[in-house]
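Me: I have a structure to read and I am new to it. Can you take me through its features one at a time?

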Amino acid sequence: MKNSSQKFLALLSGALLFTATLSANLAFADENPAPADASLLPVYQQFGEKAGLVAIVDDLMVNLVTDIRTRAFFADADQKHIKLELVDQFCVILGGPCTYTGKTMHESHKKLAINEADFNALVEDLQLAMNKHNVPFRAQNKLLEKLAPMHREVITKP
Ligand code: HEM
């Protein structure tokens, strides 16, 4: 009998410890909303961390404004602002220590009449920029697979 009540106590303290750890982690997550997926941190490092993302997004914008398929969208836009937001967004997506404070994807693209071909063109321009900065192929795909579902918010034209 003593044995089983000891077992019960051990189980109970185990459960309490688990709950305490869980709530501590949740409190931590509340204060630090940035890491979307901490397991991606090595990928963030393969992108060259924040400085790497700044360089990649700079080249992405050069590609977008020279690409005949996309340049009309960006010609009169605030390119500097878009780049800052993109860096933060990619950083958060890759589990880096950043915070995205920009608009939602729906809000920022709803008036642009973007179609599937436009979306694919941007992805190609991003791939060119990532290749230029020697981001390993598998790391590139990690970012792309997180961006792909955003087509639902970005594409508004059949
Ligand atoms: C997964 C794909 C995409 C992502 C992650 C993305 C991300 C962003 C971000 C973070 C912003 C800034 C939001 C803000 O101002 O707070 C933005 C704005 C913008 N994006 Fe995208 N974008 C995507 C696809 C596209 C495509 C395909 C086009 C056109 C070919 C495009 C054109 C623009 C333009 C023109 C703006 C500026 C809008 C304005 O003036 O307010 N985006 N995008």
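This is a predicted model: local features need pLDDT of at least 70, side-chain atom pairs count only at pLDDT 80 or more; totals for chains, interfaces and linings use all residues.

Reply: Start with a term: helices here are DSSP runs of at least four residues, numbered from the N terminus.

Me: Is Thr-70 buried or exposed?

Reply: Buried means under 20% relative accessible area. Thr-70 has a relative accessible area of 2%, so Thr-70 is buried.

Me: Which backbone atom does the side chain of Thr-70 reach?

Reply: The backbone oxygen of Leu-64, at 2.7 Å.

Me: How do I read a pocket?

Reply: Rolling a probe the size of a water molecule over the atoms shows where empty space is left. In this model the largest pocket holds about 850 Å³ of space.

Me: Which residues lie nearest the centre of the largest pocket?

Reply: Phe-74, Ile-82, Ser-108, His-109 and Leu-112, out of 30 lining residues. Two or more lining residues come from each of helix H4 (71-74), helix H5 (79-93), H6 and helix H7 (116-132). H5 gives the most, with six residues.

Me: How many of the lining residues are nonpolar, polar and charged?

Reply: By class, 17 are nonpolar, six are polar and seven are charged.

Me: What is a disulfide?

Reply: A disulfide is a covalent bond between the sulfur atoms of two cysteines. This structure has one disulfide. Cys-91 and Cys-98 form it, with their sulfur atoms 1.9 Å apart.

Me: Why is the disulfide right-handed?

Reply: Because the torsion about the S-S bond of Cys-91 and Cys-98 is about 70°.

Me: Are Cys-91 and Cys-98 buried or exposed?

Reply: Cys-91 is buried, at a relative accessible area of 0%. Cys-98 counts as buried too, at 5% relative accessibility.

Me: What about backbone angles?

Reply: Most residues other than glycine have a negative phi. Ala-113 is not a glycine, yet Ala-113 has a positive phi of about 50°. Asn-134 also has a positive phi, near 55°.

Me: Where are Ala-113 and Asn-134 found?

Reply: Ala-113 is in the loop between H6 and H7. Asn-134 is in the loop between H7 and helix H8 (137-147). Ala-113 counts as partly exposed, at 36% relative accessibility. Asn-134 counts as exposed, at 64%.

Me: One last feature. How far apart are the C-alpha atoms of Val-43 and Arg-138?

Reply: They are separated by 8.7 Å, while the two residues are 95 residues apart along the chain. Val-43 lies in helix H2, residues 41-46. With a relative accessible area of 9%, Val-43 is buried.

Conventions
Residues are numbered from 1 along each chain as its sequence is written. Side-chain values use heavy atoms; hydrogens and water are left out. A disulfide is a pair of cysteine sulfur atoms within 2.5 Å. Buried means under 20% relative accessible area, exposed over 50%, partly exposed in between (1.4 Å probe, protein chains only). On a 1 Å grid over the protein atoms alone, a cavity is a set of points where a 1.4 Å probe fits but cannot get out, and a pocket is an open set with protein on both sides within 12 Å along at least five of seven lines; lining residues have an atom within 4 Å of a point. Grid points are joined across faces, edges and corners, and a volume is the space filled by probe spheres set on the points. Ala, Val, Leu, Ile, Met, Phe, Trp, Tyr, Cys and Pro count as nonpolar, Asp, Glu, Lys and Arg as charged, and the others, Gly among them, as polar. A polar contact is a pair of N or O atoms within 3.5 Å; within protein, one must be able to donate a hydrogen and the other to accept it, and residues adjacent in sequence count only if both atoms are side-chain atoms.
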